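This report covers strand pairing, nonpolar cores and backbone angles in one protein structure. Please look at the sequence and the coordinates before reading on.

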Amino acid sequence: MMRRIAVVGDRLERGGEILPYAGPVFTMGDAGRQVALIGGTAYCEACKSAGTIAKAGGPRRIDFMGETAADRDIVLCKCPSPSHILATLSGESWCDDMAESLGEVASSRTVSGGVASVAIDAYDEQIRATGRGASEGYPYFIETADGRTFSGRSDQGGHLPRVHCDAADDYTVHWGDAALAKQEV
C-alpha cells in the first residue's frame, strides 16, 4: 500500500507530534524537515508522555539512517491503545509498505522491553548493550548474512533496532570504534 512518509512535526491523531532527533535534516516537503524513523520519538498530548514510533501496516519501509516512518504508523506511549501518525508535511513523498504481498506487522505494547515492532511469521532479534561503555549513543554497525547493514547509536536503554529475517540467520555486531570505522567505508 502506498503511504505518505512521516516527518518531524507531523501530528498524532490524539494530539501531539513527532519530535526532532540528533541527525541531518533531509529536505522533504515545503519546510525541509527531518524524516521520522521507526524507533524515533513522538510526544502524545492525550497521555502527556513521549512514546516510541512503531510500524503498523506492511513491513517494508525506506532505509534512510534507519527505517522511515509512514502515515498511520503508531506511537507506543502510555495510552491504552496506540495513537496513529497523521503524515501531512512531507508533500508528495510516498513509500510502498508492501502490505499486499508481505502481510502486516503487529506492534508490541511492551515499550519497557524495548520492542518497537514484531513481524508476523518471521524471525526477528534485538540486541541490548550492557556492561562497560554500553550507554545511550554507543555506536553500532550490524551486518546480516544476506548483506543488509544497519548502523547508528543505541537508544537510552542500550537497545539496537530489531533485525527482521524470513528465516533463522546469523549476523555480526560491531561496537564503538569498530562500528564507526565500518560506517565510514
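## Terms and basis

Two strands count as paired if DSSP finds at least two bridges between them. Strands (E, at least two residues) and helices (H or I, at least four) are DSSP runs, numbered from the N terminus.

The model is predicted: local features need pLDDT of at least 70 and side-chain atom pairs count only at pLDDT 80 or more, while totals for chains, interfaces and linings use all residues. Residues are numbered from 1 along each chain as its sequence is written, and side-chain values use heavy atoms, with hydrogens and water left out.

## Pairing around S7

Strand S7 (residues 83-86) pairs with strand S2 (residues 11-12) in the antiparallel sense, over 2 bridges. Leu 12 has Ile 85 of S7 as its bridge partner.

S7 also pairs antiparallel with strand S6 (residues 74-76), again over 2 bridges. Here Val 75 is opposite Ser 83. S6 and S7 make up a hairpin, with 6 residues between them.

## The S13-S12-S15 sheet

Three strands form an open sheet in the order S13-S12-S15, with antiparallel pairing. S13 (149-153) and S15 (171-175) are the edge strands, each pairing on one side only. From one strand to the next the twist averages 15 degrees, where axes are lines fitted to C-alpha atoms, for helices over the stretch in contact, and angles run from 0 to 180 degrees between N-to-C directions.

Strand S12 (residues 139-144) and S13 run antiparallel and are joined by 5 bridges; Phe 141 stands opposite Ser 151 in S13. Helix H2 (residues 176-184) packs on the sheet and touches S12, S13 and S15 (contact means heavy atoms within 4.5 Å). The direction of H2 makes about 65 degrees with that of S12.

## Nonpolar cores

A nonpolar core is a set of buried Ala, Val, Leu, Ile, Met, Phe, Trp, Tyr and Cys residues joined through side-chain atoms within 4.5 Å. Buried means under 20% relative accessible area, exposed over 50%, and partly exposed in between (1.4 Å probe, protein chains only).

The largest core has 15 residues, of which Ala 6, Ile 18, Ile 53, Ala 69, Val 75 and Ile 85 touch the most other members. Another core, of 6 residues, lies apart from it and includes Tyr 140, Leu 160, Val 163 and Val 173.

## Positive phi outside glycine

Lys 48, in the loop between strand S4 (41-44) and strand S5 (49-54), has a positive phi near 55 degrees. Lys 48 is exposed, at a relative accessible area of 51%.

Arg 72 is not a glycine either, yet its phi is positive, about 80 degrees. Arg 72 lies in the loop between S5 and S6 and is partly exposed, at 35% relative accessible area.
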